[in-house]
Amino acid sequence: MAHYARGSAVAVIRLCNPPVNALSLAVLQALEDGLKKADADPSVKAVMICGENGKFSAGADIRGFSSPERHGGALGPIVSLIESSEKPVVAAIEGVALGGGLEVALGCHYRIAHMKAQMGLPEVTIGLLPGAEGTQRLPRLIGVPAALDMITTGKHIPATEALKLGLVDEIVEENTIEAAIRLANKVIGQPLGPRRLSLKPIPRLPNMEAFLREALVRVKQQARGWLAPELCFQAVRAAAERPFAAGVRRERELLQVLLTSGQARALQHAFFAERAVRRWAAPSGASWSSAAPQPVRKAAVVGLGTMGRGIVTSLVKANIPLVALEQNLEYLNKGRKAVMLLLEREAMKMEGGAQTLDFHNPARLHFTVDFDLLRDVDLVIEAVFENMALKKEIFHKLSKICKPGALLCTNTSALNIDEIASATSCPQQVIGTHFFSPAHVMRLLEIIRGRHTSPTAIATAMQLAKALKKVGVVVGNCFGFVGNRMMFPYVQQAVFLLEEGSRPEAVDQVLEDFGFKLGPFRMSDLAGLDVGWRSRKDQGLTGPSLPSGTPARQRHGQRYSPLPDLLCEQGRFGQKTGKGWYQYEQAGGRTATPDPWLHSFLSHYRDTHHIKTRFIDQEEILERCLFSLINEGFAILAEGIASGPEHLDVIYINGYGWPKHRGGPMFYASTVGLPRVLAKLQKYSEVHPDVPGLRPSAFLKKLVAAGNPPIKEWMSYLSQQSSKL
Ligand SMILES: CC(C)(COP(=O)(O)OP(=O)(O)OC[C@H]1O[C@@H](n2cnc3c(N)ncnc32)[C@H](O)[C@@H]1OP(=O)(O)O)[C@@H](O)C(=O)NCCC(=O)NCCSC(=O)CC(=O)CCCCCCCCCCCCC(=O)O
Ligand SMILES: NC(=O)C1=CN([C@@H]2O[C@H](COP(=O)(O)OP(=O)(O)OC[C@H]3O[C@@H](n4cnc5c(N)ncnc54)[C@H](O)[C@@H]3O)[C@@H](O)[C@H]2O)C=CC1
């Protein structure tokens, strides 16, 4: 809806569609009616457009996109209608003016914004472009470089920056609506021609062509298979090179390409999935709507290694006072130095610098080796070595020292939360908060509920994720939880492919072409091969506890590849030692180069184990890696470890570099088609009967038998009883 009201000489059109005044068909119709009414009323001399409840508009109604009557095309003509009005139209921007919302404002002759307002054209992030002539008007208003930046990144800019760019005419601290009405009254009768953006020439650059050439290279580099940024670029280039009407035609053509690419649907799935996971529910019936978080006024981090340092940085950035604890002074000093370096770098990126972060104040960040200083904290995050005995010792200590009610979180990447909780007298307060490396950068926080974890603990961990500007996803307790559990078969397939004849660089290339930032081997070199090696030793899969006589390539009757263990035995831990699956310029180097040593090592290994080398094509690499990961996802859903496929998708996009334009692994499976995924798994499983990861999950089979239902319906095919929790 849009409400029309007439004051003295200024008619007010108020966009109204809670919660964000999205431009649904009904809103657009009401906006058009309001404009026509104002035009027809001779007593109206000017128009002001604003949004209900302090928000201008978050743009086109994304939910409406998947409905049969798509309405994007309806917005452009309305923006033109606003611009061609003979009466001045003023946009009063409060809260957000995004996407189509900003395009409406660009059609207005004047824009006035509250200083806390945010503006942007985020269509690129949902696989589209600003298709209501926004790619043509914005460059005419703020110039090609600034417009290109906004349109190809989708970033939101604050009002102060918008004023500097010339995107708005004025910003106000107080009542934006009153200021806009004052402005509308003031400009009555003034010529509108110079205010119509479609008539403005593009501000020229001395070197436009060279600028565009370089910009295209940058856009392509960052996009890695995501189409929208490049097509947004092409639309802005059309604005720079063609008259307005021709530019609009080009914009429409490019939008059509995006609409049929499939990426828009995937990115919109990702958008709603991220919001859906906030509404967590536990099998006990507790949920986001009934459980309240407890306040976190002070926190602690135990262990300042790779993860602890990033976690401390994250908490400081969220303005949470904290105690950072290490096992002894030597480790403490090392940890403190590393944390300070990270914080200084973060402060440099922020407006206000070090003062904003205030990390030199011991009342806000205190380094210690004394557990007694944890007495008054509301929440502790443990990030010590991945060792059950050590974790239990720490949790036992914490439950004795911390105040009643304090939340005890573990950053374990795979260990059993219930076993850790069993070392405490308060298992209801124990929860997994699995950060991803680097912890101050990665958006994912996997939140693992144990058998006894209370709803308050879950709500508090979710609240913490929000405070840290992360995406919290609540999952159940099993080895590796969701993310790492799905990662195991993926990495396992990658290694098996090497045994059978492939090379690390070939496997990585296929997965990087698919859109991953790093293929499995580059990723493993970055994370450190020793991490998995230690875990496999603890599990008795390798090392001194392996019973003598165990076949080299078999464990518990299943296929096993000792390749990563053999590399570790050679001291090849990846980047940190300068050698792993690749070679690097030095220990700590980052440039991966294929390593002839590794190639001959692989040949020798195949000879030793009588493995016949064969050529493995890209399709097989992609399918075996991805479908085994997806297959594990179906098993996880069937066991009730995650409440829905969107949880798995959010985890993979935000924690594992899954290309967002492919919507997450489970969404990707739905686009490939479950019958095809099943058929391929069946085929590979027949060839490799000793690899359980390739054996199709019962849930996948059930969905295929049910006729390949849409992803939204998958969970309805599971009965409550199927949950193993
Ligand atoms: C606005 C925000 C910054 C607010 O953030 P926050 O306060 O954190 O709240 P949220 O939880 O994010 O949001 C609250 C609530 O609102 C819902 N919501 C938000 N924005 C929209 C929206 N635009 N439409 C519908 N619903 C919206 C959100 O989901 C929450 O509800 P819940 O899910 O129930 O919890 C933040 O929300 C934000 O950034 N929003 C997105 C803004 C955005 O991307 N806008 C651009 C939209 S596109 C556009 O405006 C114009 C165009 O030019 C489109 C081109 C033409 C289109 C062609 C039409 C054909 C489409 C076919 C598509 C193909 C796919 C298919 O085949 O289906
Ligand atoms: N490294 C990674 O990429 C990820 C690791 N994790 C998990 O995070 C945890 C920590 O891992 P990393 O930071 O990589 O390990 P790390 O080895 O870099 O650091 C562990 C730190 O814990 C400290 N420590 C050990 N015993 C202690 C004690 N009794 N009291 C206080 N501090 C103690 C050590 O001195 C060391 O600084 C592990 O459980 C790991 O599985 C989770 C996600 C990713």
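The chain splits into four stretches in an automatic or database domain assignment: domain 1 (2-259), domain 2 (299-475), domain 3 (482-501 + 614-725) and domain 4 (520-608). The C-alpha centres of domain 1 and domain 3 sit 41 Å apart. Keep in mind that this is a predicted model, where local features need pLDDT of at least 70, side-chain atom pairs count only at pLDDT 80 or more, and totals for chains, interfaces and linings use all residues. Residues are numbered from 1 along each chain as its sequence is written, and side-chain values use heavy atoms, with hydrogens and water left out.

Now for the packing. A nonpolar core here is a set of buried Ala, Val, Leu, Ile, Met, Phe, Trp, Tyr and Cys residues joined through side-chain atoms within 4.5 Å, buried being under 20% relative accessible area with a 1.4 Å probe, protein chains only. The largest such core has 99 residues, and L374, V482, W581, L626, F634, M666 and W714 touch the most other members. Helix α25 (residues 618-638) gives this core its largest share, nine residues; helices are DSSP runs (H or I, at least four residues), numbered from the N terminus. Take L626: leaving out residues up to four places away in sequence, L626 touches Y490, L511, F514, F516, W658 and Y668, with contact meaning heavy atoms within 4.5 Å. A second, separate core has 72 residues, among them A147, I151, A159 and A215.

Terms used
Chains lettered and ligands numbered in written order. Buried < 20%, exposed > 50% of the residue type's maximum accessible area, 1.4 Å probe, protein only. Helix = DSSP H or I, 4+ residues; strand = E, 2+ residues; numbered from the N terminus.
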